[in-house]
Amino acid sequence: MKTTTEFMKMKKENNKIIMLTAYDYPSAKLAENAGVEILLVGDSLGMVVLGYDSTVQVTLEDMIHHGKATRRGAPDTFVVVDMPFGTYHGSLDTTLTNAIRLFQETNAQALKIEGADEVIDVIRLLSRTGIPVVAHLGLLPQSASVSGGYKVQGKTAQAAQKLIEDALACEAAGAFMVVLECIPYQLGKTITETLSIPVIGIGAGAETDGQVLVFHDTVTYGSHHMPKFVKAFSQAGKEISAGLVQYVEEVKTGEFPSVEHRFTMKDDEYQQLYG
Ligand code: KIV
Ligand code: NA
């Protein structure tokens, strides 16, 4: 398993860091076997796996449940778990209680939180407590209903300047890594060069220290919206659908199960039964 120190070294050596979301045992196992270096149990869980229409409905219990399954599937991979909506905006006491529970019960290596200004104190508190923190800036799904939806962030000079300052503030508060979502590539490059901690991008260009994508987007599994910054590396959903259609057909027609799938009783035993 890689360590936070090794991720720092990778940034210095321009060795790209590979992050991917995972939500359960099989996705974690597949990702670990493929060589993914950081698994993110993202609250995208809500949309991708649980069928909610935003990340806002995801609870601490949901994250613990899926974090544990991910850990079991990838025992040798660095796991980051998202703190879900509403679990780190109350008092610092409540925030710390929630964070410790999530960190301990999932046996993760780090927690991720969205934003800067109002959560700088949280980043500082968790880091000092011994919980490594990944900051998340740019498009922030947990507050998209207030900020105006899922749009590219930091497009004006002023907005870009604010993001650079936010990233520096997260680093100063103790974050060991930053995720940048949905920003112009020039800004992704600038923030990556400005910070001394690794910067992982999603829709932030090729110049960041690493990339993160949503598991289901990467392999095209599920029926959710695919943003512009996603690349489909395989067509798992189509494969699965084709297999299921075949299953339905073969049971209907009697083609499945065939002799090779059945169990057999010895003839004499069968005779005795009817003695
Ligand atoms: O929840 C998630 O999947 C994320 C990534 C998009 C970074 O936070
Ligand atoms: Na998230």
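I began with one pair: E114 stands opposite H136 in β5. The model is predicted, and I keep that in mind throughout.

Next I looked at how the two strands run. β4 and strand β5 (residues 133–138) are parallel, with four bridges between them. I then followed the chain from β4 to β5. It passes through helix α6 (residues 120–129), and this β-α-β crossover is right-handed.

I turned to strand β3 (residues 78–82). Three bridges join β3 to β4, and these two strands run parallel. I picked out one bridge: V81 has L111 of β4 as its partner. Together, β3, α5 and β4 form a right-handed β-α-β unit.

Is β4 itself buried or exposed? I checked residues 110–114, and five of the five are buried, so the strand is largely enclosed by the rest of the structure. A residue counts as buried here when 20 or more other C-beta atoms lie within 10 Å of its own.

I also checked which way the side chains go. In a regular strand they alternate between the two faces of the sheet. In β4, A110, K112 and E114 point one way. L111 and I113 point the other way, and all of these residues are buried.

Last, I looked up ligand 1. Which residues surround ligand 1? I listed T21, L40, G42, D43, S44, D82, H136, V179, E181, I202, V212 and V214. H136, the residue opposite E114, is one of this group. I sorted the shell by class: five residues are nonpolar, four polar and three charged.

Terms used
Residues numbered from 1 in each chain as written. Chains lettered and ligands numbered in written order. Predicted model: local features only at pLDDT ≥ 70, side-chain atom pairs only at ≥ 80, totals over all residues. Near = placed C-beta within 6 Å. Nonpolar A, V, L, I, M, F, W, Y, C, P; charged D, E, K, R; others polar. Buried ≥ 20, exposed ≤ 12 C-beta atoms within 10 Å, placed from the backbone. Pairing = 2+ DSSP bridges. Right-handed = clockwise from strand over helix to strand, strands pointing away.
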